[in-house]
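Biologist: Could you take me through this model slowly, and tell me what each term rests on?
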Amino acid sequence: MGKPLLVAWGHEFVDEVLDALGDVEMEVVVGRPTVGQWRNAPLVLVDGRCQTLAAGMPAHPRMVVAAPAKLDGERLTAVYRGWQADFPDAPVYHLPHGAEAVRQLTAAASGQAAEVRIGVVGGHGGAGATTLAVALALVAARDGRRALLVDAVGRGGVDDRIGTPADGLRVVDEPERPAWAVERNAAEVKVVDLDRALDTRQLDAARLCDVVLLVGNVQRNALAARRVAGQLAGAGVRFAVVPSWMHDKPAQDLAEEFKVRLLDGVPMDPPSIFSDGRVHLVNGCCLLDLAEDLLRHAPYTAARVAA
């Protein structure tokens, strides 16, 4: 949970912004930041005079543009048009008039995670991976977070599982370019439903995730689950094992073999929880409770998996 990031073209703009924001603490980069600095910041405030500072960076859910006070007239209009053409979701504020709005956005973002990226893959057919992926995305949207659900499998699996429409949830069907979909779409929570075949495109997307959840009934499908775990480990993907049945000793053995975390709080047989095979936002549902718990602890789980 870092500080908001100020990306400036020069030190004069840095002084102007810091004076306008008062006591809000920020990390300052003059010039182009690293992708890690950009992605890990809870908010990115960019110098409006130079779009190249943001060009090529991953889409950020909280990018704000500030135009310095000395810009006016046609030059200010050009800044507004330029940013809105290439970054339509990013608000543009003119200092000093927009200083209070920028200060409020920056202060609200301080201490928050920029985004969470969770991949979900089944260790075998019918494991419940797509069901869990949909539950994660729906719960995030229900709780007021901008959510992106990337269907990297195709074949309409994700759409077939969504039982309750949710404002704030965007579904992208992108089996050919799942990594591109993860990088170029802004959201606070990004969930990727991965194909267990795990070809090069799938693994590229998996490596972009903070953690990939390997879901399966390992005691009945040990060989298939181990194959998927081996592919993830061989590609350098951070993952955790999520058994779909309680007291799955082979799942514990698999986690120990690959030295990854075992997240064994999943309800039994997740795909059978909803009789129509879809995920509905209802009260008292253990699958949704699990999804909420996973989202709440995702940044910390990812950190422990990486360690």
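Modeller: The buried residues of H1 pack against strand E1 (5-8), strand E2 (27-30), strand E3 (44-47), strand E4 (63-67) and H4, where contact means heavy atoms within 4.5 Å. This is a predicted model, in which local features need pLDDT of at least 70, side-chain atom pairs count only at pLDDT 80 or more, and totals for chains, interfaces and linings use all residues. Residues are numbered from 1 along each chain as its sequence is written, and side-chain values use heavy atoms, with hydrogens and water left out.

Biologist: What makes H1 a helix, and which of its residues are buried?
Modeller: Helices (H or I, at least four residues) and strands (E, at least two) are DSSP runs, numbered from the N terminus. Buried means under 20% relative accessible area, exposed over 50%, and partly exposed in between, with a 1.4 Å probe and protein chains only; in H1 the buried residues are Phe 13, Val 14, Val 17 and Leu 21.

Biologist: How do you know that the buried residues of H1 line one face of the helix?
Modeller: Seen down the axis of H1, they fall within an arc of 105 degrees, so they line one face; the arc is that of the directions from the helix axis to the C-beta atoms. On the other side of H1, His 11, Glu 12 and Asp 19 are exposed.

Biologist: What follows H1?
Modeller: Gly 22 follows H1, and its phi is positive, near 70 degrees.
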